[in-house]
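Hi,

Here is the structure I promised to pass on.

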Amino acid sequence: MTAGIDLGHQPQAQAIRSDEDVVRVRQLVRTVAVAVKLSLVDQTKVVTAASELARNTLVYGGGGTVEVTTVDNGRRQGVQIVFSDSGPGIPDLDLALTDGYTTGGGLGLGLSGARRLVDEFQIETSAETGTRVTVTKWSR
Ligand SMILES: Nc1ncnc2c1ncn2[C@@H]1O[C@H](COP(=O)(O)OP(=O)(O)OP(=O)(O)O)[C@@H](O)[C@H]1O
Ligand SMILES: [Mg+2]
């Protein structure tokens, strides 16, 4: 056992039902990103991605939850974030990931931008089960 901060690897869950919750998601992701020693630039990237995904969960998913977990692949530490909602799902993922595509009068840059800001990006979505977006950012 080495001395230092116990990162735990226990997921920290947070509901996403309001704008205030989106702010809390940003704060939670920032705290965990600092704990796994991401650079300041990478902290900001993953917080920005999380903010966009949390907003989508709220606006299009009708609210949902986020789980933030520290991960360790033996070489690097990272932060993994899972956004889940029980909304209508995304009918055409390729389209939704296209820069500028929006059904809600936004800029259509949230999903595509978030994908570019993280190291791993995965979406599972269906009309029956809603949408789950998983992102991971590793320390360098
Ligand atoms: N959780 C979700 N559930 C259902 N549809 C979603 C979800 N997230 C995204 N979408 C769909 O994907 C589209 C693109 O999302 P994206 O975040 O890129 O753009 P936006 O939210 O419309 O605008 P912006 O994020 O730039 O303000 C959305 O307009 C919406 O149709
Ligand atoms: Mg968006």
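Let me start with Asp42: setting aside neighbours within four places in sequence, Asp42 touches Lys137, Trp138 and Arg140. Keep in mind throughout that this is a predicted model. Asp42 sits in helix H2, and with a relative accessible area of 6% it falls under the 20% cut-off, so it counts as buried.

Now for the sheet. What order do the strands of the open sheet take? There are five of them, arranged S1-S2-S3-S5-S4 with antiparallel pairing. Because S1 and strand S4 (120-126) stand at the edges with a single partner strand each, one side of each has no neighbour in the sheet. From one strand to the next, the twist averages 15 degrees. As a reminder, strands of a sheet pair through backbone hydrogen bonds, in either a parallel or an antiparallel way.

A few details on the pairing, in case you want to click through it. Strand S1 (residues 12-16) and strand S2 (residues 64-72) are joined antiparallel over five bridges, and there Ala13 is opposite Glu67 of S2. On to S3, where Glu67 has Val82 as its bridge partner. S2 and S3 also run antiparallel, with nine bridges between them; one of the pairs to look at is Thr69 opposite Gln80 in S3. The hairpin that S2 and S3 form has four residues between the strands, and Gly74 in this hairpin has a positive phi near 95 degrees.

There is another positive phi to check, in Lys37. Most residues other than glycine have a negative phi. Lys37 is not a glycine, yet its phi is positive, near 70 degrees. Where does Lys37 lie? You will find Lys37 in the loop between helix H1 (19-35) and H2. Its relative accessible area is 62%, over the 50% cut-off, so Lys37 is exposed.

Next, the helices. H2 lies across S1, S2, S3 and S5, and runs at about 10 degrees to S3. In H4, the buried residues include Gly110, Leu111, Ser112, Gly113 and Ala114. What do the buried residues of H4 pack against? Their partners are H2, H3 and S4.

Then there is the largest pocket, with a volume of about 630 Å³. It is lined by 27 residues, and those closest to its centre are Asn56, Tyr60, Ile90, Thr103 and Leu111. Helix H2 (40-59), S3, helix H4 (110-117) and strand S5 (130-138) each give at least two residues to the lining of this pocket. Which element supplies the largest share of the lining? That is H2, with six residues. Sorted by class, the lining of the largest pocket has 13 nonpolar, 10 polar and four charged residues.

Last, a pair of loop residues that I would view together: Pro88 and Ala127. Pro88 is in the loop between strand S3 (77-85) and helix H3 (93-96), while Ala127 is in the loop between S4 and S5. Are they buried or exposed? Pro88 is exposed, at a relative accessible area of 57%, and Ala127 counts as exposed too, at 58% relative accessibility. Leaving out neighbours within four places in sequence, Pro88 is in contact with Tyr60, Ser126 and Ala127. By that same rule, Ala127 is in contact with Gly87 and Pro88. Tyr60, one of the contacts of Pro88, is also among the residues closest to the centre of the largest pocket.

Two distances for orientation, both C-alpha to C-alpha. For Ala127 and Val25 the separation is 25 Å in space and 102 residues in sequence.

Cheers

Definitions and conventions:
Residues are numbered from 1 along each chain as its sequence is written. Chains are lettered from A and ligands numbered from 1 in the order in which they are written. This is a predicted model: local features need pLDDT of at least 70, side-chain atom pairs count only at pLDDT 80 or more; totals for chains, interfaces and linings use all residues. Side-chain values use heavy atoms; hydrogens and water are left out. Buried means under 20% relative accessible area, exposed over 50%, partly exposed in between (1.4 Å probe, protein chains only). Contact means heavy atoms within 4.5 Å. Two strands pair if DSSP finds at least two bridges between them. On a 1 Å grid over the protein atoms alone, a cavity is a set of points where a 1.4 Å probe fits but cannot get out, and a pocket is an open set with protein on both sides within 12 Å along at least five of seven lines; lining residues have an atom within 4 Å of a point. Grid points are joined across faces, edges and corners, and a volume is the space filled by probe spheres set on the points. Ala, Val, Leu, Ile, Met, Phe, Trp, Tyr, Cys and Pro count as nonpolar, Asp, Glu, Lys and Arg as charged, and the others, Gly among them, as polar. Axes are lines fitted to C-alpha atoms, for helices over the stretch in contact, and angles run from 0 to 180 degrees between N-to-C directions.
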